[in-house]
Amino acid sequence: MAGLGALALTAGCGFRPVYGPQGQGRALRGAIRLEDPVTRNDFQFVTAFEDILGRPTATRYALSYSITTEEIGGGAVQNLGDTRIQVFGTLGFSVTSLDSGAEVASGDIRNNTTYSTTSTQLATLTAKEDAELRLMRLLAEALATRLYTEPGLSPT
């Protein structure tokens with residue numbers, strides 16, 4: 001009986017599972033080529049994005065992007081300084097169809113993460129690098145989720 005409810009939902013409102021046979025997740029897998037990475041953050045972002053949607057194999061779209069980050073200290077301790085740092089990231093993106101040359105999706109995605117500075121310099125540097133890696137993964141996941149819902153990238 002539960003299967004009939006799902007079938008009625010699919011037929012009634014046009015719902016289509018992202019990873020279903022005709023879903024957007026499968027349609028975009030291997031279809032998007034990102035600009036070549038230049039910075040460490042770029043490399044981490046591209047790797048995370050390709051982990052989600054695959055390396056480009058049947059490329060139909062080109063994705064250009066820019067990543068900016070900003071650090072803001074917090075949790076200050078007297079005679080020690082900031083012990084908690086927030087890293088804010090913004091990903092600006094534009095997706096272009098290789099067939100028509102038209103822009104099919106664009107926008108900005110923002111997210112943030114934190115790291116601690118209360119240990120040695122090496123531990124702080126390691127925590128900072130880990131926070132940047134997590135931020136790039138968060139931005140890549142948010143972009144993939146957004147692209148699943150973009151009408152210009154519809155598989156049909």
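**View 1. Ala-48 and its contacts.** Apart from neighbours within four places in sequence, Ala-48 is in contact with Met-136, Arg-137 and Ala-140 (contact means heavy atoms within 4.5 Å). The model is predicted: local features need pLDDT of at least 70 and side-chain atom pairs count only at pLDDT 80 or more, whereas totals for chains, interfaces and linings use all residues. Residues are numbered from 1 along each chain as its sequence is written, and side-chain values use heavy atoms, with hydrogens and water left out. Ala-48 is found in helix 3; helices (H or I, at least four residues) and strands (E, at least two) are DSSP runs, numbered from the N terminus. With a relative accessible area of 7%, Ala-48 is buried (buried means under 20% relative accessible area, exposed over 50%, partly exposed in between; 1.4 Å probe, protein chains only). Ala-48 and Met-136 lie 88 residues apart in sequence, yet their C-alpha atoms are 7.2 Å apart in space.

**View 2. Asn-41 in helix 3.** Asn-41 also belongs to helix 3 and is buried, its relative accessible area being 14%. Beyond its neighbours within four places in sequence, Asn-41 is in contact with Ile-67, Thr-69, Glu-132 and Met-136.

**View 3. The crossing of helix 3 and helix 4.** The axes of helix 3 (residues 40-53) and helix 4 (residues 121-148) come within 8 Å and cross at roughly 45 degrees. Axes are lines fitted to C-alpha atoms, for helices over the stretch in contact, and angles run from 0 to 180 degrees between N-to-C directions. The two helices are therefore oblique to each other (angles under 35 degrees count as roughly parallel, over 145 as roughly antiparallel, 65 to 115 as roughly perpendicular and the rest as oblique).

View 4. Strand 3 (residues 81-97) and strand 4 (residues 103-116) run antiparallel and are joined by 13 bridges; two strands pair if DSSP finds at least two bridges between them. Thr-90 has Arg-110 in strand 4 as its bridge partner. The hairpin has 5 residues between the strands, and Gly-101 takes a positive phi near 80 degrees.
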